Amino acid sequence: MTLAQYLAELEQELVVAGEEAESLSFVYRALNELSFTDFVLKLQAEVNQEDRDQLKAIHEQLLAHKPAQYIIGSSDFHGLTLKVDERVLIPRPETEELVELILSENPEKSLSVLDIGTGSGAIALALANSRPDWQITASDLSEDALALAAENAQSCGLDLAFVQSDCMEAISGTFDIIVSNPPYISEADKDEVGLNVLTSEPHMALFAEEDGYAVYRKIAEQAGDYLTEKGKIYLEIGYKQGDGVRELLKKSFPQKRIRVLKDQFGKDRMVAVDNG
């Protein structure tokens, strides 16, 4: 039996279980550091026992709905390779769009930034990597998440400040930019979340009370005390939450411009607050 045939057998079982077939070869290639060309060449060769054992082990983890990035132990984000495990959410491509929005609208060399709910550190580290002169503080309620974010900062050679805080309770100073990709899924929308996400990713980073608006409300109520005069807010939101988040922010920032922006798929995904 060739490697391609063995993969096809295992992939079919993944599809039946509701997982993506491509995850198996993705993890296999990553763990073995195979280029696409090397992988294609191996597909037509006889599968050896070592590959059988490894693929079966990967397959069992995927069947248990463990995300591919957790099996590999890392995830690529905005040109960085970040360690990820069950302590943090896996960074999403949509969040890279939020980073790009911030970078495109803020060319200044020296700005102070607060990233609320940093998780793996993805947003804060991507900004620090692209703007080495910015002063960036990354906060999270989870001590475990902060420990992992600090590991990522060290491995990427980036210097940030880390603060354990529930929203802004332990934050001091003022910032030119406040950014957050907070938990925003309502319990009522749990059925929209993939099994591998529900099974493995930390629920405190996924779900929020008040129909998903709890953290947005906190940010809206507290951010004014921590923004500089020309300070801006950038938020990632759920695709149904554009109008709701905009209304929350309008109450606290009636004089500022509030924009709801779409992602590459045409869905509401970001909210930006500035002086216009």
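The crossing of helix 2 and helix 3 is right-handed, a crossing being right-handed if the near helix is turned clockwise from the far one by less than a right angle and left-handed if anticlockwise. This is a predicted model, in which local features need pLDDT of at least 70 and side-chain atom pairs count only at pLDDT 80 or more, while totals for chains, interfaces and linings use all residues. Residues are numbered from 1 along each chain as its sequence is written, and side-chain values use heavy atoms, with hydrogens and water left out. Helices (H or I, at least four residues) and strands (E, at least two) are DSSP runs numbered from the N terminus.

- The axes of helix 2 and helix 3 (residues 36–43) come within 11 Å and cross at roughly 115°; axes are lines fitted to C-alpha atoms, for helices over the stretch in contact, and angles run from 0 to 180 degrees between N-to-C directions.
- Helix 2 and helix 3 are therefore roughly perpendicular to each other, on a scale where angles under 35 degrees count as roughly parallel, over 145 as roughly antiparallel, 65 to 115 as roughly perpendicular and the rest as oblique.
- In this pair, S25, Y28 and R29 of helix 2 meet F36, F39 and K42 of helix 3, where contact means heavy atoms within 4.5 Å.
- The contact of helix 2 with helix 3 comprises three nonpolar, one polar and two charged residues; Ala, Val, Leu, Ile, Met, Phe, Trp, Tyr, Cys and Pro count as nonpolar, Asp, Glu, Lys and Arg as charged, and the others, Gly among them, as polar.
- Helix 1 and helix 2 (residues 22–31) pack at an angle of about 130°, with their axes 8 Å apart, which makes helix 1 oblique to helix 2.
- On the helix 1 side, L3, L7, L10, E11 and L14 meet L24, S25 and Y28 of helix 2; by class, there are six nonpolar, one polar and one charged residues in this contact.
- Helix 1 (residues 3–16) also packs with helix 4 (residues 49–63), at an angle of about 15° and with the axes 10 Å apart, and the two are therefore roughly parallel to each other.
- The crossing of helix 1 and helix 4 is right-handed; its contact is made by L3, Y6, L7, L10, E13 and L14 of helix 1 and by R52, L55, K56, H59, L62 and L63 of helix 4.
- The residues of the contact between helix 1 and helix 4 divide into eight nonpolar, one polar and three charged.

**The segment before helix 1**

- T2 has its place in the segment before helix 1 and is buried, with a relative accessible area of 15%; buried means under 20% relative accessible area, exposed over 50%, and partly exposed in between (1.4 Å probe, protein chains only).
- Leaving aside neighbours within four places in sequence, T2 is in contact with L43, Q44, A45, E46 and V47.
- T2 and A45 are 43 residues apart in sequence, yet their C-alpha atoms are 5.3 Å apart in space.

**UniProt annotations**

- An unreviewed UniProt entry lists residues 6–73 for "domain: Release factor glutamine methyltransferase N-terminal"; positions follow the numbering used here, feature names are shortened, and annotations may be inferred rather than shown by experiment.
- Over residues 6–73 the chain is 72% helix and 0% strand, with the end C-alpha atoms 24 Å apart.
- For "binding site", the unreviewed UniProt entry lists N181, P182, P183 and Y184.
- P183 lies in the loop between strand 6 (175–180) and helix 9 (195–200) and is buried, at a relative accessible area of 18%.

- Helix 7 (residues 122–130) is mostly covered, with seven of its nine residues buried: A122, I123, A124, L125, A126, L127 and A128.
- In helix 10 (residues 214–222), the residues A214, V215, Y216, I219 and A220 are buried.
- The buried residues of helix 10 pack against strand 3 (112–116), strand 6, strand 7 (227–236) and helix 11 (242–252).
- S139 lies in strand 4 (residues 135–140) and is buried, with a relative accessible area of 0%.
- Not counting residues up to four places away in sequence, S139 touches L114, D115, I116, G117, T118, L146, V163, S165, C167 and I171.

**Positive phi values**

- Most residues other than glycine have a negative phi.
- H78, although not a glycine, has a positive phi of about 50°; H78 is found in the loop between strand 1 (74–77) and strand 2 (80–83) and counts as buried at 17% relative accessibility.
- C167, also a residue other than glycine, has a positive phi near 55°; C167 lies in the loop between strand 5 (161–164) and strand 6 and counts as buried at 6% relative accessibility.
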